[in-house]
Amino acid sequence: MKNHPIIKAGIIGFGRMGEMYLKEISKSPLWKICAICDIDHEALEIAGRLAPKGTLLTQNENDIFESEEIDVIILSTLADARKDHLFKAVESKKHVITEKPIGASLEEQVAVLGKLENSDILVAVDLPLRNAWYHKTIKEFIDSEQIGELAIVRVCHMTPGLAPGEGHWAEGPLFHDCGMHYVDIARWYAESEFKTWNAQAIRMWNYEEPWWLQVHGTFENGIVFDITQGHVYGQLAKDLTHNGYVDLIGTKGIARMNHNYVTATVELHGTSKTHVIKKPFGDKNLDILLHKFAQSLMQGHRDPFLPRVEDAALASEYAWKFLNNAALNEMPVRGNLQTLEEIRKRRNNKRIGYGLLRKKKHME
Ligand SMILES: NC(=O)c1ccc[n+]([C@@H]2O[C@H](COP(=O)([O-])OP(=O)(O)OC[C@H]3O[C@@H](n4cnc5c(N)ncnc54)[C@H](O)[C@@H]3O)[C@@H](O)[C@H]2O)c1
């Protein structure tokens with residue numbers, strides 16, 4: 001890795017995430033945006049309004065892969081383009097920050113891991129929970145032995161967010177698309193691999209795939225877990241709300257966190273210390289990811305806390321395993337497609353909801 005005075009970046013895929021990257025890059029003194037690529041001309045028009053003058057806007061990804069100016073490529077298309085883009089990055093020797101998942105299927109992800117194995121480009125995956133201050137605080141408390149031995153990891157994320165059919169078709173059912181973050185963070189806390197599991201899902205609104213799933217089971221080291229994740233949380237309620245927490249239960253004490261998307265509250269109940277900490281939530285923590293990535297390039301060695309492709313691939317693999325397990329169990333249907341249509345219209349036309357993608361002119 002060469003030393004960089006300032007990191008010059010190109011973004012491929014300028015949707016919701018691409019726009020967030022641009023915003024954070026624009027705020028950082030370590031980064032400069034040089035080019036943005038999207039196959040959709042409306043997305044490029046938006047980029048033209050938001051990006052600094054002189055940014056190359058293109059529908060041709062090769063303008064970015066072949067640019068001599070660009071050091072780092074940010075991959076924020078949907079998953080169907082990911083493997084090809086990661087392969088091209090290796091060929092063109094560009095460092096990469098990539099969105100998850102790192103391929104559209106497990107086979108593609110295995111191919112990506114193989115391709116990256118012997119390359120010397122720096123690659124980090126956007127797994128924002130790994131960069132969240134509240135998880136780091138809780139982990140440090142657990143490591144200080146204040147709660148005794150960690151025994152039970154409980155994770156819950158339920159919001160009136162992305163509804164089926166709105167987009168993200170290439171990322172699979174919700175428990176894979178979004179759920180893999182919570183699979184990853186459970187594994188991160190346990191510091192062990194999943195051993196056994198049993199999953200229950202429901203096909204809300206009669207949609208063909210489950211949009212809520214709960215799984216519980218064990219890790220190799222004897223820690224047990226439960227993960228609940230769903231975007232079926234009152235999308236048509238007058239006032240929207242959500243339920244997001246982690247609950248870490250030890251043999252002597254507990255540590256937990258909940259948030260309201262603005263503030264996260266960490267409560268630590270240890271054998272000799274009790275702390276309640278409230279700080280800004282941080283959302284996707286892209287500022288932290290970009291900073292660690294830039295520091296790694298500048299110092300010539302990888303920050304050990306930069307999320308790795310291997311962790312993203314494992315989270316994806318287990319998210320699929322839990323979905324497959326749920327498919328073997330009874331999967332009831334509640335509600336109907338008409339309600340889902342109402343939800344999609346409310347989210348798209350009235351712009352009411354969590355995690356809204358860009359407005360679609362025509363609902364398909
Ligand atoms: N890490 C996280 O917390 C997080 C959160 C949301 C989404 N994501 C991931 O980020 C990715 C993007 O999600 P999003 O919400 O921004 O989706 P989006 O639909 O808003 O944006 C995707 C953009 O990529 C463009 N695109 C598609 N194929 C392309 C190609 N071959 N070349 C160039 N542009 C292409 C589309 O035109 C669109 O503008 C997804 O893979 C998703 O899984 C991650």
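Q: Which residues come nearest the ligand?
A: G13, G15, M17, D40 and E99 come nearest, out of 29 residues around the ligand. A residue is near a molecule if its C-beta atom, placed from the backbone, lies within 6 Å of it. This is a predicted model, in which local features need pLDDT of at least 70, side-chain atom pairs count only at pLDDT 80 or more, and totals for chains, interfaces and linings use all residues. Residues are numbered from 1 along each chain as its sequence is written.

Q: Which helix gives the largest share of that shell?
A: Helix α1 (residues 16–27) does, with 3 residues. Helices (H or I, at least four residues) and strands (E, at least two) are DSSP runs, numbered from the N terminus.

Q: How do the residues of the shell divide by class?
A: The shell around the ligand has 11 nonpolar, 7 polar and 11 charged residues. Ala, Val, Leu, Ile, Met, Phe, Trp, Tyr, Cys and Pro count as nonpolar, Asp, Glu, Lys and Arg as charged, and the others, Gly among them, as polar.

Q: Why does the ligand shell lie between the domains?
A: Because domain 1 (7–121) and domain 2 (129–283 + 315–349) both give residues to it. The domain bounds come from an automatic or database domain assignment.

Q: How far apart are the C-alpha centres of the two domains?
A: The centres of domain 1 and domain 2 lie 28 Å apart. Their contact takes 8 residues from domain 1 and 7 residues from domain 2, where contact puts the C-beta atoms of two residues, placed from the backbone, within 7 Å.

Q: Turning to the sheet, in what order do the strands stand?
A: An open sheet of 6 strands has the order β3-β2-β1-β4-β5-β6, with parallel pairing. Two strands pair if DSSP finds at least two bridges between them. The edge strands, β3 (56–58) and β6 (123–125), each pair on one side only.

Q: How many bridges join β1 and β4?
A: Strand β1 (residues 7–12) pairs with strand β4 (residues 72–75) over 4 bridges, in the parallel sense. G10 stands opposite I73 in β4.

Q: At what angle do α4 and α5 pack?
A: Helix α4 (residues 82–91) packs on helix α5 (residues 106–117) at about 5°, and their axes are 10 Å apart. Axes are lines fitted to C-alpha atoms, for helices over the stretch in contact, and angles run from 0 to 180 degrees between N-to-C directions. That makes α4 roughly parallel to α5, a label for angles under 35 degrees.

Q: Which residues make that contact?
A: K83, L86, F87 and V90 of α4 meet E108, A111, V112, K115 and L116 of α5.

Methods. Angles under 35 degrees count as roughly parallel, over 145 as roughly antiparallel, 65 to 115 as roughly perpendicular and the rest as oblique.
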